[in-house]
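Work through the exercises below with the sequence and the model at hand, and try each task before reading its solution.

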Amino acid sequence: MMSIARVHTLAALGWMVFGMLFGLWMGAAETPQFRPFHIGMMLGGFLMLAAVGAIFRLWPEMEHWRYARLHLWTMEIGVLGLNLGTLVQNLTGNIALQALFSLPTILGAALLLHGFWVTAERT
Ligand code: HEM
């Protein structure tokens with residue numbers, strides 16, 4: 001099974017490439033109204049997930065923490081849903097999907113805080 005650090009980092013790099021391509025299209029097509037979707041992909045998808053992957057790499061004992069997989073999937077699904085929600089908001093103005101998927105993202109972040117607190121070497 002792939003390590004949590006690797007799954008988060010692969011997802012982050014995927015968001016990076018996709019977000020950059022989208023940024024290029026947005027600039028070329030002169031559609032700056034999609035800026036929030038681009039920002040969500042770059043900051044929420046790429047930078048945040050890369051940072052979370054790096055945390056698991058820096059404190060590898062967190063890989064074996066009890067709620068590690070629950071954290072992984074709530075965070076990954078949350079970020080995917082949040083970004084899709086931002087796209088929907090850009091297209092229609094409706095924020096329901098964003099609101100809904102903020103919940104698993106927040107849960108994933110809170111679990112990460114818990115996991116770091118109880119697992120990571122206290123130095
Ligand atoms: C090939 C790479 C990229 C391309 C082609 C690209 C393209 C764009 C474009 C066209 C805009 C809109 C500018 C405007 O409307 O004034 C923009 C805004 C933005 N981009 Fe990117 N981008 C790229 C990479 C990145 C990266 C790596 C990040 C962050 C890690 C990023 C973060 C942002 C942010 C925060 C804004 C909003 C800036 C503002 O509103 O002041 N972009 N990008």
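By class, the shell around the ligand has 8 nonpolar, 3 polar and 1 charged residues, where Ala, Val, Leu, Ile, Met, Phe, Trp, Tyr, Cys and Pro count as nonpolar, Asp, Glu, Lys and Arg as charged, and the others, Gly among them, as polar. The model is predicted, so that local features need pLDDT of at least 70 and side-chain atom pairs count only at pLDDT 80 or more, while totals for chains, interfaces and linings use all residues. Residues are numbered from 1 along each chain as its sequence is written.

**Exercise 1.** Find which residues surround the ligand, and which element gives the most to the shell.

*Solution.* Step one is to list the residues whose C-beta atom, placed from the backbone, lies within 6 Å of the ligand: Met20, Gly23, Leu24, Met26, Gly27, Pro32, Arg35, His38, Ile39, Met42, Phe46 and Leu47. Step two is to assign elements: α1 and α2 (35-58) each give two or more residues, and α2 gives the most, with 6. Helices here are DSSP runs (H or I, at least four residues), numbered from the N terminus.

**Exercise 2.** Determine how α1 and α2 are oriented to each other.

*Solution.* First take the angle, about 160°, with the axes 8 Å apart. Angles over 145 degrees count as roughly antiparallel, and α1 and α2 are therefore roughly antiparallel to each other. Their contact has, by class, 17 nonpolar, 7 polar and 1 charged residues.

How values were computed:
Axes are lines fitted to C-alpha atoms, for helices over the stretch in contact, and angles run from 0 to 180 degrees between N-to-C directions. Angles under 35 degrees count as roughly parallel, over 145 as roughly antiparallel, 65 to 115 as roughly perpendicular and the rest as oblique.
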